[in-house]
Amino acid sequence: MKNKNRPTTQLEVKTLLNRIQHFVGFVYQSIRLRGTGGSLRVEVKIESHGGMRGKCADCLKPCPGYDRLEERRWLFVPLWGIVCHFFYLPRRVECPEHGVGVEHIPWSQGKRPVTLAMMSFLAQWGRRLSWRETARVFHTSWESVYRSVEWLVEWGLRHRVLAGIKAIGVDEIFWGRGRKSEAFLTVIYQIDGHCRRLLWVGRKRTQATLNRGLDALGSEVVSGLKYVCSDMWKPYLNVLARRAGQALHILDRFHITMHLNQAVDQVRRAESTRLKGKPLAERLKKMRWKLLRKGSQVRGRAKLKLEGLLASKMATGRAWDLKEAFQHFWKYRCPFWAGGFLDYWTQRAMRSRLEPMKKVARMLRTHDALILNWFKARGEVSTGATEGLNNKIRVVTRRAYGFRTYKAMEMALYHNLGKLPEPECSHRFC
Ligand SMILES: [Zn+2]
């Protein structure tokens, strides 16, 4: 008796391929399973459709054939963990406008031995795993993963939309590779409420670097900016004043807090050295992280220790007290009263006899106008954005991508933080 439940069509790999990746003008000729065990592989032979002419790679117009080249091989997305390759003999066509050249091959990108689908597959996994792991899991090379990410990023950078950017944040990131100035990166973020992303990254933190970055964004974007956020780093201040003078320049709250924290730490270290050998010095050493936190976030035993330090009238305690007092500044609504507080605080700091704190006070005085802009821009820019994006950058640079070059790291940053558009793909492989 016949089996009545037999499926309507027998599933063939060819059917599957045609469903997910159908290329007009080409047919899947044969699909073979070769090798055994670990060397098992699927070979897909593709042929051009008999009645259709090849297209010119430049203008995509069908052109008369010229000749055929040798067979080429492309890596495709693995099927159930089995390595899969496309094979095809490319034609050369004779375009009346562009001359003789290799035809347009819809799954291929230049001379790359990996199909577009596989590049996009690898690049997407390269965001979740390290590139080394991605290469290992999918039986390919680190180089292959890197090239795939590069292709996707370059496509994304060419197709992204930069219109409508109102606020940017500029910052320096310590990368740690290379000599002094080489160890820093300059980053430009978009920090609008509706969109936060990495717009540009470049080596070093000089005026030339930032100029290059602004050039890359284009004069239209730069002249349309309304808010610019940065640290008090002189080269940046100069460039931003010159090129984005129309924008309200804001000194970031998180940068100011960072400078205050660094000053407290300098006082602590100096005092610790002064008291060397005494039990107090040991105590100071252990206080480091407590001192860097906001007072309201320190609780329990740590809080008691901090209070003890304050009562002791030690320099570190006084520095910490000054830092904490500054927190009040951010509670103001009106720039006028905030300005009054800033005067009061800097005077107090200048009388503190703590050189690092005095240095911060002088810095704040010099830039008070830019600091007070913070109150004017409140609610317009997402002020925590720069700090958040900086942290994400650190995650990317630390994740074991095995960056061999600066360029590779740059690609990884755009890939993870650039919110870049991706080419439309009929089928999502992952
Ligand atoms: Zn052409």
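In these legends, a residue is called buried when its relative accessible area is under 20%, exposed when it is over 50%, and partly exposed in between, as computed with a 1.4 Å probe on protein chains only. The model is predicted, so that local features need pLDDT of at least 70 and side-chain atom pairs count only at pLDDT 80 or more, whereas totals for chains, interfaces and linings use all residues. Residues are numbered from 1 along each chain as its sequence is written, and side-chain values use heavy atoms, with hydrogens and water left out.

View 1. Helices (H or I, at least four residues) and strands (E, at least two) are DSSP runs, numbered from the N terminus. With a relative accessible area of 55%, Lys419 is exposed.

View 2. For four tetrahedral donors the ideal angle at a metal is 109.5 degrees. Cys59 lies in the loop between strand S2 (41-48) and strand S3 (65-68), while Cys95 belongs to strand S6 (residues 91-95), so the pair ties together parts that are 36 residues apart in sequence. Cys59 is partly exposed, at a relative accessible area of 24%, whereas Cys95 is buried, at 5%.

**View 3. Helix H13 (residues 335-350) against helix H14 (residues 355-366)**. The axes, which are lines fitted to C-alpha atoms, for helices over the stretch in contact, with angles from 0 to 180 degrees between N-to-C directions, come within 8 Å and cross at roughly 150°. H13 is therefore roughly antiparallel to H14; angles over 145 degrees count as roughly antiparallel, under 35 as roughly parallel, 65 to 115 as roughly perpendicular and the rest as oblique. H13 passes H14 in a left-handed crossing, where left-handed means that the near helix is turned anticlockwise from the far one by less than a right angle, and right-handed that it is turned clockwise. Contact means heavy atoms within 4.5 Å, and the residues of H13 that meet H14 include Leu342, Trp345 and Met350, with Met357, Ala361 and Leu364 among those on the H14 side.

**View 4. Ser352 and Arg353 in the loop between H13 and H14**. Ser352 counts as buried at 7% relative accessibility, whereas Arg353 counts as exposed at 69%. Although Arg353 is not a glycine, it has a positive phi of about 60°. Ser352 touches Arg318, Leu322, Met357 and Lys358, not counting residues up to four places away in sequence. Ser352 and Arg318 are 34 residues apart in sequence, and their C-alpha atoms are 8.0 Å apart in space.

**View 5. Helix H12 (residues 315-326) beside H13, with Leu260 of helix H8 (residues 253-274)**. The axes of H12 and H13 come within 11 Å and cross at roughly 175°, and H12 is therefore roughly antiparallel to H13. The contact involves Asp321, Leu322, Ala325 and Phe326 of H12, together with Phe341, Leu342, Trp345, Arg348 and Ala349 of H13. Leu260 counts as buried, at 1% relative accessibility. Not counting residues up to four places away in sequence, Leu260 touches Lys323, Phe326, Trp345, Met357 and Val360. The C-alpha atoms of Leu260 and Lys323 are separated by 6.0 Å, although the residues are 63 apart along the chain.

**View 6. Helix H5 (residues 207-217) packed on helix H7 (residues 234-243)**. The two helices pack at an angle of about 40°, with their axes 8 Å apart, and H5 and H7 are therefore oblique to each other. H5 passes H7 in a right-handed crossing. Among the residues that make the contact are Leu210 and Leu214 of H5 and Tyr236 and Val239 of H7.
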